[in-house]
Amino acid sequence: MATLDLRERSLRTELAGLDALESMVAPRPSLHSRVWSAVWPKCLAAGIAVLLWQIVVWSHFRPDYVIPGPAKVFPRLYDDFGTIMDAVGITMWRAVQGFALAILIGTAVGALVAHNRVLRSGFGSLVTGLMTMPSVAWVPLAIGIFQLSDATIRFVVVIGAAPSIANGLISGIDNIQPVIRRAGRVLGAHGWSAFRHVTLPAALPAFVGGLKQGWAFAWRSLLAAELIALIPGKLGIGQLMENDRQFTDYTGVICIMIVILIIGIVVDEAIFGNANRWIRRRYGLIDDAAGA
C-alpha cells in the first residue's frame with residue numbers, strides 16, 4: 001500500500017507539472033492580431049515601392065509620358081476599373097482552366113516517372129528541359145495548331161506549368177523515407193491505395209512547392225501568350241496591355257502591370273500561403289505557442 005501511495009503521489013506531481021507547463025503556453029493571438037501582422041509588412045513594402053517609383057519619376061530618367069507617376073496612374077486605374085475587371089475575368093478563367101489541366105497532366109507524369117526506372121531514364125531530363133524552356137517559345141507553334149483561340153493560350157499555360165508540377169511530385173517521392181513505404185506495405189497499402197494514403201501525403205510538402213512554382217510559370221505563360229495571341233472579342237489583361245502599348249499609353253500599361261502584380265500576390269497568399277501553413281502545422285513544423 002505504501003508503494004502504491006508513493007507511485008500515486010509521484011504521478012500526481014508529474015501531472016501537476018504538465019498542467020503548469022500547459023498554463024505557461026501563451027494563448028494564440030486573436031484573428032485581428034494575426035490579420036494585422038500579416039497585412040502591415042505588405043503595406044509597408046507597397047509604400048516603399050511607390051516611394052521609389054515616385055523618386056524615379058522625379059529624377060526625370062524618362063519623360064513622364066513613358067514613366068508616369070502614381071498621381072497619374074492611380075486615378076486612371078480607378079477610372080478604368082470596370083474595363084480592367086472584365087479583362088481580369090477572362091484571364092482568370094483561362095488561368096483556372098489551364099492550371100487545372102496542368103495539375104492533372106503534371107501529377108500523372110510525375111507519378112509515372114517517379115515509379116518507373118525506364119520512364120525516369122528516358123523522360124526525367126526531358127521534364128526538366130521543358131521546365132527551363134521559355135513558354136513564349138511555344139506561342140507561334142500553338143497559334144499554328146489551334147489558330148487564334150483560347151485553346152492556344154491553354155496549351156501554352158499547360159506546357160509552362162505541367163513540368164514544374166511533375167518535378168515537384170518527383171522530388172517529393174524521391175525524398176520519402178523508406179521506413180514510411182515499408183510501414184505502408186505492412187499495413188496492407190499496395191498499388192493505388194499506397195499512392196493515395198502513403199506516397200502522396202508523404203510527398204505533399206514538395207508537391208505543393210511544385211504546384212506553387214507551376215502556378216508562377218502558368219501565370220507568366222498566360223500573360224506572354226495573351227500579349228502575342230490577340231483573340232478578337234476576348235481581351236484579357238495581357239491583350240489590354242498590348243493595346244495600350246500600341247497606342248503609346250504607358251499610363252494604361254502600368255495600370256495593368258499593377259493589377260497583374262496584385263493578382264499574383266493575392267493568389268500566392270490566399271492559396272499557396274495558406275496551404276503551406278496548413279502543411280507545416282500538420283507536420284508539426286509550426287509552434288503555435290511561439291506564434292510561429
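Student: At what angle do the axes of helix H3 and helix H11 cross?

Tutor: This is a predicted model. In it, the axes of H3 (residues 70–79) and H11 (residues 250–282) cross at roughly 70° and come within 9 Å. Angles of 65 to 115 degrees count as roughly perpendicular, so H3 and H11 are roughly perpendicular to each other.

Student: Which residues in H3 meet which in H11?

Tutor: On the H3 side they are Lys 72, Val 73, Phe 74, Arg 76 and Leu 77. Their partners in H11 are Thr 251, Gly 252, Ile 254, Cys 255, Ile 258 and Val 259.

Student: And what is that contact of H3 with H11 by class?

Tutor: Seven residues are nonpolar, two are polar and two are charged.

Student: Changing topic. What does helix H9 span between its end C-alpha atoms?

Tutor: H9, residues 192–228, spans only 42 Å. A straight helix of 37 residues would span 54 Å at 1.5 Å a residue.

Student: Where does H9 bend?

Tutor: The bend is at Leu 204 and amounts to about 65°. A proline follows within four residues, namely Pro 205.

Student: Next, Thr 107. Which helix is it found in?

Tutor: Thr 107 belongs to H4, which covers residues 81–115.

Student: What lies 2.7 Å from a polar atom of the Thr 107 side chain?

Tutor: That is the backbone oxygen of Ile 103.

Student: What is Thr 107 in contact with, leaving aside neighbours within four places in sequence?

Tutor: Four residues: Ala 102, Ile 165, Leu 169 and Phe 207.

Student: Now the loops. What is the phi of Gln 147, and where does the residue lie?

Tutor: Gln 147 has a positive phi of about 60°, although it is not a glycine. Gln 147 sits in the loop between H6 (139–146) and H7 (150–174).

Student: What about the phi of Thr 248?

Tutor: Thr 248 has a positive phi too, about 55°, and is not a glycine. Its loop is the one between H10 (237–246) and H11.

Conventions:
Residues numbered from 1 in each chain as written. Predicted model: local features only at pLDDT ≥ 70, side-chain atom pairs only at ≥ 80, totals over all residues. Heavy atoms only, no water. Axes fitted to C-alpha atoms, helices over the stretch in contact; angles between N-to-C directions. Helix = DSSP H or I, 4+ residues; strand = E, 2+ residues; numbered from the N terminus. Parallel < 35°, antiparallel > 145°, perpendicular 65-115°, else oblique. Contact = heavy atoms within 4.5 Å. Nonpolar A, V, L, I, M, F, W, Y, C, P; charged D, E, K, R; others polar. Expected span 1.5 Å × (residues − 1). Bend = angle between axes of the 7 residues up to and from the residue. Polar contact = N/O pair within 3.5 Å; in protein donor to acceptor, adjacent residues only side chain to side chain.
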